[in-house]
Amino acid sequence: MDSFLTRWNEVLKDMGNLVTAVSYDLYIETLEPIKVDNNKLVVLASTSTNKKQLLRLHKEKLLSAIKNHFENVEDVIVLEPSEKEAFLEDIKQAEETIETNQMLNEKTILNKKYTFDNFVVGQSNKIVYSAALNVAENPGKNFNPLFIYGGVGLGKTHLLHAIGNYVTKNNKDFKIIYVTCEQFMNDFTKSIREKTTEAFRHKYREVDLLMIDDIQFISNKTGTQEEFFHTFNDLHQFNKQIILASDKHPRNIDALEERLRSRFSGGLIQDIQKPDFETRLAILQKKVEIENYSVESNVLEFLAEKIDTNIRELEGSLNKVVSLSILIGKNKATMFEAEEALKDIAISQAQNLSVDKIMEVVCKYYNVKKADLIGKKKNKEIVDPRQICIYLITELMDIPLMTIGNAFGGRDHTTIMHARDKIAQNIKTNKSLKVNIEDLIAMIKSDI
């Protein structure tokens, strides 16, 4: 803006040398520059009479002075006061139209590496794989919505991208959107802030396939839940396919409106489990094949045996082994590099793991505040996450019970023991709790 006014002041100086003092005082100095629009400088005259006189007597001189100081300006538009509001409204509508078109023309970026062909199918994921493939082959016909849930790094995102890539290849005219829940929320809040809600709704409701990853983060976002509810309904009534991925079952997403929970449960809900040994080994073999790695077969078996948390950590360990072998000049990765890699990973995790880190993950997972987690509240929504957090700390860290008690507001070591033992016992009979604990451990390890 400063540059705009500086250039306008230069125009005024030039005009002072081109017109009489009376004309300058009446018609030039009283002009208000508004903006450059479509290669035209828009200025406001103080009265209707001044506009007429300026255009009749001095337009050519003014335009010449403007061209000297405003690059690419080819004309000048002079408004009178009664025309200003309508002109600015036209400009605003034009800008909103441009932004709407830009939003509608945004292309969903799908990872081409994620396909059904390179998704390794095993006992832990064969049902969800079949469901995803069925939806890709018949979008909007079966399993709508498809809700996939499971822990970190188990292949949910891979399946969503695989569906998107399959549909893109076989349905050229399909409009597809894949976004994370965070991106959906950011788009929504931006549309409110910039008053472009219609553009937002066109973007998300004029599609044939909508995929939202990490939908659990819609928890507690009342406004976003309201908007997504209407988006869901609009798409569903016209048989447009909706696919959602989450780290937990809809019934376990805290602070989720019941009407959304009901709609999420109205199609097919399918979990994706941690891969068993055979599947982990097959995943490593596929990775070796795709990346053309040279690795001894016993290394793959060793990694598949030792890394049982999630696929992301499994593949990361393989990459570490191969990198070590290359660094020391070997043509093929051996058990030596595998043992070194796992040792380094264990040391790294031990150094980066902390009570605060575990608390942070638990708070995020259960959508509770740290102050409540370590505080005195005794409602179930706080007590359960608190006891689970204590259990995880005792499982993952080798620190005294008294130290853990101090971290939880000075609780006695017997209270810590009670929480630890209660969760350890409940895991044996509560499958849902067991899955939650496994998810949390995977999230903690993937975050260090």
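Is aspartate 372 buried or exposed? In this predicted model, aspartate 372 is buried, its relative accessible area being 18%, and because burial is assigned under 20%, the residue falls within that class. Aspartate 372 is joined in a salt bridge to lysine 377, with 3.3 Å between the closest N and O atoms, whereas lysine 377 counts as partly exposed at a relative accessibility of 44%.

The count of salt bridges in the model comes to 20. Side chains of opposite charge can pair when their charged atoms come close. One of these pairs is formed by the side chains of lysine 203 and aspartate 187, which meet at 2.9 Å, N to O. This pair links distant parts of the chain, since lysine 203 belongs to helix α9 (residues 197-205) and aspartate 187 to helix α8 (residues 181-193), with the two residues 16 apart. Both partners are shielded by the protein: lysine 203 is buried, with a relative accessible area of 8%, and aspartate 187 is buried as well, with a value of 14%.

The accessibility of the two partners may be set side by side: arginine 201 counts as partly exposed at 29% relative accessibility, whereas glutamate 227 counts as buried at 5%.

Phenylalanine 229 is buried, with a relative accessible area of 9%. When neighbours within four places in sequence are left aside, the contacts of phenylalanine 229 are with Arg259, Leu260 and Arg263. For arginine 263, the separation from phenylalanine 229 is 34 residues in sequence and 8.7 Å in space, taken from C-alpha to C-alpha.

Attention may next be given to the sheet. Three strands form an open sheet in the order β1-β2-β3, with mixed pairing. Its edge strands are β1 (32-37) and β3 (75-79), each of which pairs on one side only. On average, neighbouring strands of the sheet are turned by 25° against each other, direction being ignored. Strands of a sheet pair through backbone hydrogen bonds, either parallel or antiparallel. Strand β1 and strand β2 (residues 40-44) run antiparallel and are joined by five bridges, and lysine 35 stands opposite valine 42 in β2. Helix α4, formed by residues 59-69, packs on this sheet and touches β2 and β3, with its direction making about 125° with that of β3.

On the surface, a nonpolar patch is formed by Leu327, Ile328 and Phe336, which together have about 360 Å² of accessible area. Of these residues, leucine 327 is found in helix α14, which covers residues 311-327. Leucine 327 counts as exposed at 71% relative accessibility, because the class of exposed residues begins over 50%.

Methods
Residues are numbered from 1 along each chain as its sequence is written. This is a predicted model: local features need pLDDT of at least 70, side-chain atom pairs count only at pLDDT 80 or more; totals for chains, interfaces and linings use all residues. Side-chain values use heavy atoms; hydrogens and water are left out. Two strands pair if DSSP finds at least two bridges between them. Helices (H or I, at least four residues) and strands (E, at least two) are DSSP runs, numbered from the N terminus. Axes are lines fitted to C-alpha atoms, for helices over the stretch in contact, and angles run from 0 to 180 degrees between N-to-C directions. Contact means heavy atoms within 4.5 Å. Buried means under 20% relative accessible area, exposed over 50%, partly exposed in between (1.4 Å probe, protein chains only). Patches are made of residues with over 30% relative accessible area and no salt bridge: like charges are joined within 9 Å, nonpolar side chains (Val, Leu, Ile, Met, Phe, Trp, Tyr) within 5 Å. Accessible areas come from the Shrake-Rupley method with a 1.4 Å probe; for residues, only the protein chains shown count as cover. A salt bridge is a side-chain nitrogen of Lys or Arg within 4 Å of a carboxyl oxygen of Asp or Glu.
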